[in-house]
Amino acid sequence: MNKRSTWALPYFIFLVLFVVLPLVLVVIYSFQDNSGHFTLANIGKFFSDKDSLATFALSIEVALENTALCILIGYPAAYILADKNLNRSAVTVVLFILPMWVNALMRTLATAELFTMAGVALGKGTLLFGMCYDYLPFMIYPIYNQLNKMDKSYAEAAQDLGATPGEVFRKVTLPLSMPGVWSGVMMVFMPTVSTFAISEFLTNNKIKLFGTIIQENINNSMWNYGAALSLIMLVIIGITTFLQGSDSQEDAVGGTV
Amino acid sequence: MAKDQRIINIEHLSKSYGDKKVLDDINLYVREGEFLTLLGPSGCGKTTLLRIIAGFMRPDEGNVQLEGRDLLDTPPHLRPLNTVFQRYALFPHLDVYDNIAFGLKLKKVPEDEIDKRVRKVLKLVAMSDYEDRDVETLSGGQQQRIAIARAIVNQPKVLLLDEPLAALDLKMRKDMQIELKEMHQKLGITFIYVTHDQEEALTLSDTIVVMNEGKIQQVGTPTDIYNEPVNSFVADFIGESNILNGTMLEDKRVSFIGHDFDCVDKGFGENVPVDVVIRPEDIYIKKNTEGEQFTGVVRTCTFKGVHYEMFVDTDSGNELMIQDYNAFEPGTTVGMHIHPGDIQVMKKERVANTYSGTVTGEGKVEFLGAEWECRTDGFEEGEEVEVSVAFGKVDLLDHEDDAVTVGNVVFILYKGDHYHLTVKTEDGEKIWVDTTDVWDKNDFVGIRILPKDIRLSKVQKKDE
């Protein structure tokens, strides 16, 4: 081992202890029964249990809705923040990012309190509100970054070639900001699939998400089934990430929107 | 080739950013079909002027007309002009073909017509077979060609080019200059070209507009600008030149570097201080000193490819730059002469620093944003006065202690035996200084003037 790679050693140990090892354990637990024998029952149980499948479908649905909501609110916000004519100060950017400085659990608890105080019934609406509130900065920031570093001359060139402001946006600004949107999607979609705290506080556990079942199983010492569920979620997130990755790759090269 | 019809007419155009005037009362017209270059150092306002014509910026005052119609209220996408951007600005998400077809598709030109026109311009810029390429895989020069193709495919009335060759290496730039010139002739469109490269301007243009500090210094053909610069800025900016202090003795007789010369200029008056410009290739240099106008000693001699560039110390202690096909060894005593037609005489823009100031107390006067000590005999407190300070009487210091005010060196002109500096104070006012000390552009300097060198005079009341 040469001298420079010695520097990487602490990180390597950290990775092994806290990332690789837990992952290996999750895989091992998933394929074991209570007494430690190999079994596929845990995986099978998920795919044969209607409730689990329904929860899973609901989680994906909520995550998709939340991601869409975040794009709808986040893109215009990022666009306004990045426009030097509309926003001249960095302070407004900080204000948008500021909620991230407060712990997500505290914000969620506070939101729940506010809803209760205002007499709003907790349910899917409040759940989506809470999720969107929690994850919006993660959508705004990458899009803002992308728009901000975009050379202004692209928009000017489009205008110069006869594009109206609307056409400039549709044909140039939007396609060029897609990498930012994709990283926003990754940062919002994936954590919302596995979240359980938000649904617990903002729906009083009326709506159970996939993360909630994993948490419940593990809390009730059903380690093997919990691990199997985690593994399934990991695989699915892995697949979506891979698909998104190749999608945005294709976008950058091919250019068909 | 250049028809005498005006296609663009610019009147009293001004633009400021905060306190800084970027364009100051610009009046200019562009003839149909000509290749007009806006030339000047960075910050002279040339790009701002181009961006106002393109529509990306609005002026504070003034008017721009295209073919007799006001242009300023037309948004950029409706102006029949196209721009070639400095860093190309090709759309990275589209291939070469779609980049060029962008404008035509927006105008809903039929598909087969688009196809024909794209292929035609690709051929014109020698980039056929590249239509499916991703623009980011192209070299700088190729991207530049596509950027030009993308603009001219729309058949604009005027093509605006913002330093299009600045990012290319020297060899590529030379090749592209020739191609641009050919393209201009083939297309017959009016070109407005922005550059800071004087050689490029001289090579390409029908008309050159030299700009500095938001003002037009001179408009003319490349030969006019080169041979007859109207002021020392233009003389210094275009090509190499010797700029010297001189005195116009009478019509067709001028004195400089301690000798009297015949010249062709007249109408300056008698014994009037002038600036004299001599191009380095216009000084004839001989080994033989007999019968020559003046003599000197060669200090350095450098081979420059086609000619040798020599610095010669003249018998009167001036330094001249001379270009000749023959080399003269350093240390050689040489004789020189200058033909009357090669002496360009220019009226001095100013002969001393003059300011309007106010007497603020016994022995104190305020001007140039500071209070100075000087003799105020015969003037009352609060009186408005005219202040005059000779160029050579201003001391520049490299520190703020002892200085009355401070500024930055913004322009340096070598006058053969001294430097003529323009120093800008923090309020944006200017003071001109003659010095033999060497300063660099943008140097921060302290300014000091001895009390005896500040001359006050009564404000001249206009007779009317």
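Chain B brings 20 residues to the contact, and chain A brings 21 residues. Please bear in mind that this is a predicted model. About 1,900 Å² is buried between chain B and chain A, and carbon and sulfur atoms give 61% of that area. On the side of chain B, the residues that lose the most area to chain A are B:His77, B:His93 and B:Leu106; together they make up 35% of what that side buries.

I turn now to the charged and polar pairs. Between chain B and chain A there are two salt bridges. One of them joins the side chains of B:Arg87 and A:Asp151, with a distance of 3.6 Å from N to O. There are also four residue pairs in polar contact between chain B and chain A, counted with both residues at pLDDT 80 or more.

Which elements of chain B give two or more residues to the side that touches chain A? They are β6, residues 81–84, and α2, residues 96–106. Sorted by class, that side of chain B holds ten nonpolar, six polar and four charged residues.

Finally, let us consider a helix of chain A. Helix α11 of chain A spans residues 210–219. Just after α11 of chain A comes A:Ser221, which takes a positive phi of about 60 degrees.

How values were computed. Residues are numbered from 1 along each chain as its sequence is written. Chains are lettered from A and ligands numbered from 1 in the order in which they are written. This is a predicted model: local features need pLDDT of at least 70, side-chain atom pairs count only at pLDDT 80 or more; totals for chains, interfaces and linings use all residues. Side-chain values use heavy atoms; hydrogens and water are left out. Contact means heavy atoms within 4.5 Å. Buried area is the accessible area (1.4 Å probe) that two parts lose on being put together, summed over both. A salt bridge is a side-chain nitrogen of Lys or Arg within 4 Å of a carboxyl oxygen of Asp or Glu. A polar contact is a pair of N or O atoms within 3.5 Å; within protein, one must be able to donate a hydrogen and the other to accept it, and residues adjacent in sequence count only if both atoms are side-chain atoms. Helices (H or I, at least four residues) and strands (E, at least two) are DSSP runs, numbered from the N terminus. Ala, Val, Leu, Ile, Met, Phe, Trp, Tyr, Cys and Pro count as nonpolar, Asp, Glu, Lys and Arg as charged, and the others, Gly among them, as polar. Buried means under 20% relative accessible area, exposed over 50%, partly exposed in between (1.4 Å probe, protein chains only).
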